[in-house]
Amino acid sequence: MTNANNLQEIAVAQPAGDEGIQLLYALSKEELVRIIVDDAKNWLAHDGVWFQSLEKKYGMDVAVDIDTDAWRLFTVVEAKRIMERLSMKPGGGIPALVECLKHRFYARLNLQESVEVSETRAVFRMLDCRVQSARKRKGLPDHPCKSVGIVEYSEFARTIDPRITTRCLACPPDPHPEEFWCAWEFTLKAD
């Protein structure tokens with residue numbers, strides 16, 4: 001357990017000019033959680049305005065193509081950083097994937113759940129998606145994120161364990177039940 005003296009030593013060890021990090025050591029756990037959630041919102045807002053800028057300039061098809069390429073790269077970076085933070089090596093199977101899904105930026109913003117979890121299979125569902133819910137409130141159609149999601153979730157799972165395959169069960173623009181926006185099945189291939 002880290003005590004106040006250890007935090008002071010860590011704070012002192014930070015390089016000069018790193019005020020953005022140093023100020024975090026003086027904050028309460030609640031303040032830190034609020035900052036993490038706010039940072040996740042900022043990340044999603046940036047992702048959204050970036051996408052909208054592409055869409056406005058080049059149209060939806062090009063924006064989705066570029067977004068897919070960006071997610072192909074980002075999701076691997078995110079998975080590797082999560083595994084490093086959790087001291088995980090690739091190859092942890094479905095249990096490792098289910099744990100890593102809880103640590104994504106999306107997990108700070110959306111309501112999600114993993115169901116039907118076993119050693120060889122899990123279904124992940126996005127119960128409330130901040131992007132889709134905002135579009136719904138504005139009277140807009142669902143954002144057609146399936147093609148991006150296939151790449152995003154497949155590459156994330158494959159980074160956690162190359163033996164995991166991903167299948168989309170439901171995702172806009174395809175129909176989906178009212179109780180979730182998208183669902184993904186992860187299966188561990190037999191060795």
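**View 1. The lining of the largest pocket, sorted by residue class.** In this predicted model, the residues that line the largest pocket comprise 19 nonpolar, 6 polar and 9 charged residues.

**View 2. Helices and a strand around the largest pocket.** At least two lining residues come from each of helix 3 (29–58), helix 4 (60–85), helix 6 (130–137), helix 7 (146–160) and strand 4 (182–188). Helix 3 makes the greatest contribution to this lining, for which it provides 9 residues.

**View 3. The second largest pocket and its lining residues.** This pocket has a volume of about 250 Å³, and its lining consists of I36, A40, F74, V77, E78, R81, I82, R85, H103, R104, F105 and R108. When these residues are sorted by class, 6 are nonpolar, 1 is polar and 5 are charged.

**View 4. Helices around the second largest pocket.** Helix 3 and helix 4 each contribute at least two residues to the lining of the second largest pocket, and the largest share, 6 residues, belongs to helix 4. In the largest pocket, by comparison, it is helix 3 that gives the most to the lining, although helix 4 also supplies at least two residues there.

Methods
Residues numbered from 1 in each chain as written. Predicted model: local features only at pLDDT ≥ 70, side-chain atom pairs only at ≥ 80, totals over all residues. Heavy atoms only, no water. Helix = DSSP H or I, 4+ residues; strand = E, 2+ residues; numbered from the N terminus. Nonpolar A, V, L, I, M, F, W, Y, C, P; charged D, E, K, R; others polar. 1 Å grid on protein atoms, 1.4 Å probe; cavity = no way out; pocket = protein on both sides within 12 Å on 5 of 7 lines; lining within 4 Å. Points joined across faces, edges and corners; volume = space filled by probe spheres on them.
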